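The structure under discussion follows.

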Amino acid sequence: MQKRIIAIDDEDSILDAYKTILAPHKQEIFALQNHAAGLEAELFGELADSKLNYDDEYEYELKTATQGEEGFKLIKEAKEMGEPFSIAFIDVRMPPGWDGIKTSQMIRQVDDAIEIVIVTAYSDKDRNEIVEKVGMPEKLLYLKKPFDSEEIKQLALSLTKKWELEKKAKKYTEYLEKVLISIKNIKTHDILSEKDITSSIFNEICMFLDFKKSIIAKNIDGEIIIQESKGFAKDELDLIVKNFPIEYSLKDSIFIMDKNIIIPLKDKHENIFVFAEVESFIDDTKLQILNLLTEASVELISLSKKQKICLRNEKMATVGQMATAILHEVNNPIQTISGTIDISKLYADSLFKNYNKIITSLKESVNKETSPEIYDIISTIETQFKVKEIYDKIRNTYKVLNTAVERVRRLMEKVRNFSKKKEKLDLRLNSIKDALDKTFELVNSTLKNNVVVHKDIDDDLFALCDIDSLNQVFLNIILNAVQAMKNKGELWISAKKKLKNIIISIKDSGPGIPESHKNFIFDAFYSTKPEGTGLGLSIVKRIVEEHKGTIHVDSENNKGTVFYIEIPIK
């Protein structure tokens, strides 16, 4: 872009001189360069044609005005249009209108960035007086006539460079202040979950770059999952998901293609990114500053995950300690209750057996015809006291109590297994495909014919793992999926190798997990089932993390749930 200069002088000959010096025709500049190149070749033996490229370093857009008020209006209009002048050469004496000092004072009020050069043939105006009236001495120079053309050229070059650098520095400072506010907003925001963090980051990026249409999304095993959007209609979002090039989400740095920008927020676990339509030019300075915001955002995402793991580990340790104490306290009463139930049953059995013997013996020894009164008493005892009915109720009550005690025992066993972490995994090279196949053999009877299973499992999937523990993981998730579908629906199982990891996904066609529950499903003792213990998925997560792997869930109402498990090969 050409640098804009204005010359204000009441003498046409002076304005023509400015034009000749600062705005010659390109042909003249090219001819001068040719001549200089020829001289250089003669002196130094260099090829003259190596210097024949046109150089726009000394090219300016020059405007002129013959009166101070006219020049002021041109400068004001240029500033308002966003195309300001970088330098103003202003004569001191310009009768009958404003003089150069008055003109400079008025210009300073509308444009404090412009470089002003006061030009005069007289010495009646002291420089200190000029500085005092115009202000900003760092952007004010004093030049006496007659001036030298090279002097003007050098001033123009130096001052336009200075003006451009100051403009860049100011813009850089503005961007920096804005991005620091954004980082502060993200870090001090009352964040409750990872989703809240990414949403806060998304909002700050959109504000910083003034995006009208944008999304924040994840690439999960080649599938684009939109977390939040602004400005896009639903059909537009569907097209983005359908047509979005997967390789764009894997980029390591910000890039712009056509009228779209992709801003990666990658950490070691996920490919999160912002995609937006760019409505106006984004300069390099703004993109450089944006990197600070994205780096801080990635750091915060990673920190939140570490914090979540730490909090969970602390929670699990506390739960483990509590579980050990509870098991110790509950075990004795349960044994007492169980023993009392058994003894009560024995007493009831013995009592009813003796009652039957007595009634039977009495009936056999008493004749209805010879002892009708005694016989009637025996019959009355049988009908009124309903001993057989009461005995049956006692036996049913025993079954209920015994079932309840057994359920408590099973819960205690799960709690014991949960709190008793394996000291060391039995790591061996095992086939993940075989493990999934064996799990299906176990649940085959549960699946029946009402659940359609789709398998996409590669053969060559071997990992150094504790296969019994992983079988427990697969079994728990598959059974949960079947129960969520109420034994009727579709189940998709996929297992693929990705770089140094194996990715297993288990998807169902069930009702999905409500948004309010998703953040808690891996927490111990959190369950949405009336009969659930809330330990299954917490144990699953612990096993996966013990293998240095990751597990996460994606779910949508009425569209099912998918669990993604990532296990390192080694």
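Lys102 lies over the face of Trp98, 5.8 Å from the ring centre; a charge sits over a ring if NZ of Lys or CZ of Arg is within 6 Å of the ring centre and within 35 degrees of the ring normal. This is a predicted model, in which local features need pLDDT of at least 70 and side-chain atom pairs count only at pLDDT 80 or more, while totals for chains, interfaces and linings use all residues. Residues are numbered from 1 along each chain as its sequence is written, and side-chain values use heavy atoms, leaving out hydrogens and water.

**Rings and charges**
- Lys507 likewise lies over the face of Trp492, at 5.4 Å from the ring centre.
- The structure holds five aromatic pairs (rings of Phe, Tyr and Trp, the last by its six-membered ring, with centres within 6.5 Å; planes under 30 degrees apart count as stacked, over 60 as edge-to-face and the rest as tilted).
- Tyr18, Phe89 and Phe147 are linked by ring pairs into a cluster.

**Ile201**
- Helix H7 (residues 194-209) contains Ile201; helices (H or I, at least four residues) and strands (E, at least two) are DSSP runs, numbered from the N terminus.
- Ile201 counts as buried because its relative accessibility is 0% (buried is under 20%, exposed over 50%, partly exposed in between, with a 1.4 Å probe and protein chains only).
- Beyond its neighbours within four places in sequence, Ile201 is in contact with Ile186, Leu265, Ser297 and Ile301 (heavy atoms within 4.5 Å).

**Leu464**
- Leu464 lies in strand E13 (residues 462-465).
- Leu464 counts as partly exposed because its relative accessibility is 39%.
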